[in-house]
Amino acid sequence: MWSTSKYLLLAAVVVCLSACFRLYSQLSSLSISTLIHHQFKARAPPPMISFYKLSLQWPPAACNGTLSCKPPIPSNFTIHGIWPQDRNDEPIPPYNKRNPCTPKTPTPPTVLPIKLRPIEVYLMSEWPNLTDGLNLTANYQFWEYEWKKHGTCSDYPDDPLTYFKSALKLRLGINTIVRFGRQTSWTVQQVADEVFDVLKAYPQIACNLNPSGTQKQLWEIRLCYDRPNPRQPPHVLINCTNILRVSKGKIIGPCKSLSDTIFFP
């Protein structure tokens, strides 16, 4: 005959096993739902390219801001990059294996010295690394950075030659961007109107500050191009969405108003 204590012990074991089973069931359900949630997030489509932005920097301003440049400093607008943007004017993120933006395998940045050799001379002239523009190694470091950040999720992820040539072609096709002289000051709106008068499309204007932080400068003029048909480079100039860059409802950069005065060094 079992004693009362043995029956109580057996009952306690049964209750414990029942509670453990319920806890295991809840954890299993949570793990499955969490896994499904992460899989769903991983399958979310990447942002779609809406247009391209050709960013042209003014070297005397760039080198009088955060950059430390070795001479000679170019006295013409040089290419900073050509950037695929989404419909909200946000940059398309770089290639990510976990959520690829393209079924193609992007060309590794390390092979750019082979791929870009046919246009190397033109890139050094129109797309230099302003910190050391005569140094081929420094230039390739700059081009590799731009390719990894903006080229690998462009329409040419496995064709860097076409990607870089597209920017060169656009830049070389523009003889005049602004007609006002150096060492003059203008409002952001006046600069935008000047570019529109010359090119018939409104740009995006980017400012920077001089080393003492006392003067806003015309740093970059960015031109927007409609996304081309497959196997074509960007070529149709369109109005940029915002004259001053806006991200998540906030204006980016030291210039906060179209009435801000900027210096053209």
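Phe164 is buried in this predicted model, with a relative accessible area of 0%. Trp127 has the value 0% as well and is likewise buried.

Leaving out residues up to four places away in sequence, Ile205 touches Val188, Val191, Ala192, Leu218, Glu220, Ile221, Ile243, Leu244 and Ile262.

Next come the aromatic rings. A pair of aromatic rings is described by the distance of the centres and the angle of the planes. Searching the whole structure gives 12 aromatic pairs. In one of them, Phe77 and Phe264 are stacked, with 6.4 Å from centre to centre and 20° between the planes. This pair joins distant parts of the chain, since Phe77 lies in the loop between helix 2 (59-62) and strand 2, while Phe264 belongs to strand 9, 187 residues apart. Phe77 is buried because its relative accessible area, 5%, falls under the 20% limit. For Phe264 the relative accessible area is 3%, so this residue is buried too. Trp127 sits in the loop between helix 4 (120-126) and helix 5, and Phe164 sits in helix 6, so their pairing ties together parts that are 37 residues apart in sequence.

Rings can also gather in groups. Phe77 and Phe264 belong to one aromatic cluster together with Trp58, Phe180 and Trp186. Another ring, that of Trp219, has the charged end of Arg222 sitting over it, 5.7 Å from the ring centre.

Two packed helices are described by the angle between their axes and the distance between the axes. The axes of helix 5 and helix 6 come within 12 Å and cross at roughly 100°. The two helices, helix 5 and helix 6, are therefore roughly perpendicular to each other. Where they meet, helix 5 contributes Trp143, Glu146, Trp147, His150 and Gly151, and helix 6 contributes Pro160, Tyr163 and Phe164.

Some details of the backbone complete the picture. The peptide bond from Pro71 to Pro72 is cis, with omega near 0°, and Pro72 is found in the loop between helix 2 and strand 2. Lys200, in the loop between helix 7 and strand 4, has a positive phi of about 65° although it is not a glycine. Lys200 counts as exposed because its relative accessibility, 56%, is over 50%. Lys248 lies in the loop between strand 7 and strand 8 (250-251) and has a positive phi of about 55°, again without being a glycine. At 80% relative accessibility, Lys248 counts as exposed. Ser247, in strand 7 (residues 246-247), is buried, with a relative accessible area of 14%. Beyond its neighbours within four places in sequence, Ser247 is in contact with Glu90 and Ile252.

Notes. Residues numbered from 1 in each chain as written. Predicted model: local features only at pLDDT ≥ 70, side-chain atom pairs only at ≥ 80, totals over all residues. Heavy atoms only, no water. Contact = heavy atoms within 4.5 Å. Phe/Tyr/Trp six-rings, centres within 6.5 Å; stacked < 30°, edge-to-face > 60°. Helix = DSSP H or I, 4+ residues; strand = E, 2+ residues; numbered from the N terminus. Buried < 20%, exposed > 50% of the residue type's maximum accessible area, 1.4 Å probe, protein only. Lys NZ or Arg CZ within 6 Å of the ring centre and 35° of its normal. Axes fitted to C-alpha atoms, helices over the stretch in contact; angles between N-to-C directions. Parallel < 35°, antiparallel > 145°, perpendicular 65-115°, else oblique.
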